[in-house]
Every structure is written in structure tokens, then in C-alpha cells.
Amino acid sequence: MTSLQKTPAIFKNSIVHHILFWLGVYAYFIGTVNMSYYSGYGEVLSHYAIYVFCQILVAYTSLYALIPCFLNTKKNVQFIGSMLLLLMLAFVLFVAYHEYYHLPKYHEPKDMPYDSYGIFWEKLLNIRIFIGKSTIILTPTVLLIIAKFYKEKQAYLQLNEQKKITELSALKHQLNPHFLFNTLNNLYALAINKSDEAPEVIAKLSEMLDYMLYGCNEKYVPLTKEIDLIDNYLALEKVRYGDRVAIRFEKNIQPEVKIAPLILLTFIENAFKHGVSQELKKASINIVISVEGNHILFNIANSVTKNAANSTKEAIGLSNVKKQLELLYLDGYSLKIEEDANYFNVHLKLPIK
């Protein structure tokens with residue numbers, strides 16, 4: 001059981017959080033006071049009670065009225081003016097309480113009258129006192145605004161992460177059936193021809209399914225696992241096309257490097273679908289995967305026919321993988337797709353995870 005689960009439910013309530021916050025502010029005032037200036041704790045409690053009251057007034061008026069009405073709607077001038085008026089009101093309440101109740105009550109000596117009216121106006125018109133008291137009154141408001149902003153930011157990040165996970169899951173569900181459909185077509189063709197290679201194809205397909213169902217559920221997986229998946233896929237396609245395709249696969253990687261799953265396979269799948277299946281003569285596919293510095297470099301070039309030239313860019317798989325790259329790598333990746341009369345080239349650069 002985590003420490004959060006052990007916490008009593010009452011302490012998870014936001015109202016309780018606010019009460020504890022203000023008790024903490026009040027305790028801070030009482031705990032740091034110089035008692036030599038006061039007759040006792042009764043005077044101290046009374047003196048700082050008006051401080052906390054004014055702080056509460058300013059804090060919640062700002063949080064639930066001024067900020068939503070003015071600051072959130074870009075009415076900055078109105079917000080500043082309203083804050084000044086609010087601070088002036090709090091200052092008037094503070095001075096009035098002190099000069100008409102608190103100080104007369106604790107004034108020494110008792111036989112001398114206290115000039116509440118005169119001192120009230122003297123303090124009220126003193127800009128230096130206004131700035132000093134306003135700073136103290138406003139400090140908890142600033143702390144609460146920071147805490148509120150942090151809480152909303154955390155909630156936004158959590159919601160955004162959940163949205164990203166949901167979208168990635170949906171994209172993978174689009175990708176897997178698309179890939180499996182092509183692979184099963186390969187097996188079907190071998191079965192029709194009663195090929196002796198069918199058991200090998202089934203074994204490799206089984207390995208691939210095991211990886212796709214159970215091995216790539218993490219956000220990032222070892223690049224070596226993706227290489228194994230690609231090797232199996234290339235072996236299956238080699239069985240299907242035989243001498244109709246020349247495949248060159250070079251890899252220079254490091255075991256600890258990680259990558260988003262099924263990203264590279266999509267480009268290879270599209271190379272076969274649009275560069276090999278429609279080629280009447282001999283097609284070629286060249287694949288290079290390497291690690292340089294803090295990046296994974298992936299390059300694939302496949303021969304194309306005139307019929308496939310326009311369809312390649314519109315492939316569902318490529319559109320899908322671009323969305324995944326944006327979600328997983330944000331602006332940290334580089335994807336360049338080039339095409340000429342004979343070749344379709346993909347250059348992908350990913351940061352190491």
C-alpha cells in the first residue's frame with residue numbers, strides 16, 4: 001500500500017487543505033512574533049487575527065472573482081485596478097480594526113485616552129504603511145495562485161498523457177491488422193502452392209505475433225527486438241517473392257538503445273507493398289539502420305514503378321507512422337521522404353531513448 005493510500009480521506013479534501021494552509025499562516029505569525037512588544041498572547045492573537053482575515057478576503061476574492069473575470073479574459077487593466085481597490089479595502093479594514101478596537105483595548109496607560117480618529121487617518125493616508133501592509137496581506141494570495149497553477153498544470157499534463165496513450169493505442173490497433181493481413185496473404189499463397197516453406201513461415205509468423213502481442217506494449221522497446229522483427233518480416237517476404245526482389249539489410253546498433261515499437265516496420269512494409277508487389281521485373285530494397293551519437297538513423301530505398309509512384313505517399317501505414325512519431329518524439333525527430341523516377345527513399349532520424 002502506498003503512502004497516498006494510507007492518507008486519511010479527510011486530508012485529501014481541498015477544503016481541509018485550505019483550512020490547514022490558513023492555520024499554518026496564523027501559526028507562523030504567532031510563532032515568529034517578538035513578545036517584548038506585546039502584553040501577552042491575547043494581544044498577539046488579536047493583532048494577527050485581522051491580518052489573516054484580510055489575507056483570506058484578498059486571496060479568495062482574487063482567486064474566484066478577479067482572476068476569472070479579468071485576468072483570464074485578458075482584461076489586464078481592469079484586473080490591476082480591481083486588485084488595487086481590493087487591497088485598499090483590506091487596508092482600510094485592517095487600520096480601522098487596529099485603531100478603533102485593538103489598540104484602544106490594549107493601550108497603556110489605561111487612564112490616557114487613545115486618539116483613534118486622528119491616528120486612523122494618519123495611517124490611512126501613509127503610502128509607506130499601505131505598501132508594507134499590502135505586501136504582507138498579498139503574500140498568501142501569491143502562494144495560493146502558484147499552488148493552483150501547479151495543480152492545474154499537473155492535471156493538464158496527466159490528461160494530455162492519457163490522451164496520448166489512448167491515441168497511440170488506437171494507432172497501433174490500426175497498424176497491426178494492416179500488417180497481419182499482408183503477412184497472412186503470404187502464407188495463403190504458399191499454402192495454395194503446397195510449398196515446403198510453409199512451416200518455416202508459420203514459425204516466423206508465430207514469433208512476430210508473440211512480439212507484437214506481448215513484446216511491444218511498452219512506449220519504447222529495445223532496438224534489437226525491432227531488428228529481430230524486421231529480420232523475420234524480410235525472411236517471410238523473401239519466401240513470397242523469391243528472386244523477384246533483392247534485399248540488402250545493414251545494421252550497426254547498440255544493444256541498450258531503445259525505440260518506439262513498429263515504427264521502422266511500417267516503412268519496410270510500404271516498400272514491399274508499393275515497390276515490390278507492383279514490380280513486374282526485379283525489385284530492390286536497401287535498408288540501413290545505425291546508431292550515431294545520440295540518434296538512430298534509418299534509411300530505406302526501394303525501387304518503384306510508374307503505377308506505384310503516386311500511391312506510396314498516400315499509404316495508410318505512412319500516415320499512421322507520422323502520427324505516432326509526432327506523439328512519441330514531438331519535434332525531436334527528422335523525417336525526409338524523397339522520390340524520383342526509379343527510387344523511393346526514406347531518411348528517418350530519431351533521438352535515442
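## Basis

The model is predicted: local features need pLDDT of at least 70, side-chain atom pairs count only at pLDDT 80 or more, and totals for chains, interfaces and linings use all residues. Residues are numbered from 1 along each chain as its sequence is written, and side-chain values use heavy atoms, with hydrogens and water left out.

## Strands 6 and 7

Strand 6 (residues 334–339) pairs with strand 7 (residues 343–351) in the antiparallel sense. Six bridges connect them. Strands (E, at least two residues) and helices (H or I, at least four) are DSSP runs, numbered from the N terminus; two strands pair if DSSP finds at least two bridges between them.

A hairpin of three residues joins strand 6 to strand 7. Ser-334 has Lys-349 of strand 7 as its bridge partner.

## Aromatic pairs

The structure holds 17 aromatic pairs. Rings of Phe, Tyr and Trp (its six-membered ring) pair if their centres lie within 6.5 Å; planes under 30 degrees apart are stacked, over 60 edge-to-face, the rest tilted.

Phe-21 and Trp-22 pair edge-to-face, at 5.0 Å centre to centre and 75 degrees between the planes. Phe-21 is partly exposed at 23% relative accessibility, while Trp-22 is buried at 8%. Buried means under 20% relative accessible area, exposed over 50%, partly exposed in between (1.4 Å probe, protein chains only).

Tyr-241 and Phe-272 are stacked, at 6.1 Å and 20 degrees. This pair links helix 8 (residues 223–241) to helix 9 (residues 263–275), across 31 residues. Tyr-241 is buried at 7%; Phe-272 is buried at 1%.

## Aromatic cluster

Tyr-28, Phe-29, Tyr-48, Tyr-51 and Phe-94 form one aromatic cluster.
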